[in-house]
Amino acid sequence: YDGQNLPDLGEFIEDGVSTNLIIEQNVMTGNGNAGGGAINLASIRDSVVRNNLIYGNAAAGITCWDNGYAEEKGLDSSEFGCHNVGIFTNTMVDQTGNRGALILNNDASNMLIFNNIIIRDRFDAYEIANRSGQSLLSGNNYYSERYVEDSPGASNEHESITGFGVDEGLAQFIAASSAPWMVEADGWMTLNPARPDYRLRPDSMLLTAGNIAY
């Protein structure tokens with residue numbers, strides 16, 4: 001921040017900017033009681049978030065934002081929003097979450113959003129807000145509804161499937177549930193034999209609905 005003539009925030013200094021990350025093949029469940037996303041991306045650049053399973057969370061699944069910089073400084077916009085991030089082939093299933101599942105917020109730009117499955121019964125299951133439409137490319141996603149607010153330039157979806165109910169969405173998986181992924185046995189954490197199976201069913205239309213480029 002010194003190099004950009006920004007103020008010294010002392011003990012409240014933000015996390016900083018992260019670049020060239022690959023976030024993949026994680027299972028995230030039971031997060032969000034304090035309101036945060038399971039994958040909470042503040043000022044991420046030139047990175048990829050792919051092939052993650054996020055289910056049974058109380059808040060968002062994947063969020064991109066500026067760590068609240070613009071709001072804290074009273075600015076109209078922020079240069080610390082996520083930039084040039086690809087979000088591909090993630091599965092987000094949260095039937096009762098209190099926020100959208102996939103959120104682009106606070107000046108996220110040049111985002112690529114493809115092949116994501118979102119099961120969330122909310123008007124903002126996929127949310128684009130606060131100036132996050134710039135150079136957005138998004139398509140071949142599966143979600144009930146998309147909400148766009150104060151984000152001019154947010155393009156229409158390309159070949160996405162929308163407007164379905166939760167039961168129809170859950171039926172795409174082999175054995176969807178909110179059962180924990182890990183359980184304690186003899187003092188050790190181990191895979192839950194009754195954990196859900198969020199692989200797609202052999203007859204799911206989603207097996208052929210994706211964009212192979214992503």
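Predicted model: local features only at pLDDT ≥ 70, side-chain atom pairs only at ≥ 80, totals over all residues.

A residue is called buried when its relative accessible area is under 20%, exposed when that area is over 50%, and partly exposed in between. The side chains of Arg 122 and Asp 124 meet in a salt bridge, with 2.7 Å from N to O. Side chains of opposite charge can pair when their charged atoms come close.

By the rule applied here, the count of salt bridges comes to 9. One of them joins Asp 94 and Arg 120, whose closest N and O atoms are 3.2 Å apart. This pair links distant parts of the chain, 26 residues apart, since Asp 94 belongs to the loop between strand 9 (91-93) and strand 10 (102-104), while Arg 120 belongs to the loop between strand 12 (117-119) and strand 13 (126-129). Both Asp 94 and Arg 120 are buried.

Another salt bridge is formed by the side chains of Asp 107 and Arg 131, at 2.9 Å from N to O. Asp 107 lies in the loop between strand 10 and strand 11 (112-114), and Arg 131 lies in the loop between strand 13 and strand 14 (137-139), so the pair ties together parts that are 24 residues apart in sequence. Asp 107 has a relative accessibility of 13% and so counts as buried, whereas Arg 131, at 26%, counts as partly exposed. Asp 107 and Arg 131 are also linked with Asp 150 in a network of salt bridges. The backbone of Arg 131 deserves a look as well, for its phi is near 70°, a positive value in a residue other than glycine.

In soluble globular proteins, nonpolar side chains tend to be buried together. The largest nonpolar core in this model has 25 residues, and those with the most contacts inside it are Leu 41, Ile 62, Ile 87, Leu 104, Met 111 and Tyr 126. The elements that give two or more residues to this core are strand 4 (39-42), strand 5 (44-50), strand 7 (62-65), strand 8 (83-88), strand 10 and strand 13. Apart from this core lies another, of 12 residues, among them Tyr 55, Val 166, Tyr 198 and Leu 206.

Which residues does Leu 104 touch, once its neighbours within four places in sequence are left aside? The contacts of Leu 104 include Cys 64, Ile 87, Met 111, Ile 113 and Tyr 126, and among them are also Glu 127, Ile 128, Ala 129, Ser 132 and Leu 136.

The pairing of strands gives another view of how the chain is arranged. Strand 5 and strand 8 pair in the parallel sense over 5 bridges, and within this part of the structure Ser 47 stands opposite Val 85 in strand 8. Strand 8 also pairs in the parallel sense with strand 11, over 3 bridges, where Phe 88 has Phe 114 in strand 11 as its bridge partner. Asp 46, which lies in strand 5, has a phi near 50°, a positive value in a residue other than glycine. With a relative accessibility of 37%, Asp 46 counts as partly exposed.

Strand 7 holds Thr 63, which counts as buried because its relative accessibility is 4%. Leaving aside neighbours within four places in sequence, Thr 63 is in contact with Gly 37, Ile 39, Asn 40, Leu 41, Arg 99 and Ile 103. Thr 63 and Asn 105 are 42 residues apart in sequence, and their C-alpha atoms are 7.4 Å apart in space.

The last stop is at the surface, where Met 182, Met 189 and Leu 191 form a nonpolar patch with about 280 Å² of accessible area together. Leu 191 lies in strand 18 (residues 188-191), and with a relative accessible area of 41% this residue is partly exposed.

Key. Residues numbered from 1 in each chain as written. Heavy atoms only, no water. Patch = residues over 30% accessible without salt bridge, like charges linked within 9 Å, V, L, I, M, F, W, Y side chains within 5 Å. Areas by Shrake-Rupley, 256 points an atom, 1.4 Å probe, with all protein chains shown as cover. Salt bridge = Lys/Arg side-chain N within 4 Å of Asp/Glu carboxyl O. Helix = DSSP H or I, 4+ residues; strand = E, 2+ residues; numbered from the N terminus. Buried < 20%, exposed > 50% of the residue type's maximum accessible area, 1.4 Å probe, protein only. Core = buried A, V, L, I, M, F, W, Y, C linked by side-chain atoms within 4.5 Å. Contact = heavy atoms within 4.5 Å. Pairing = 2+ DSSP bridges.
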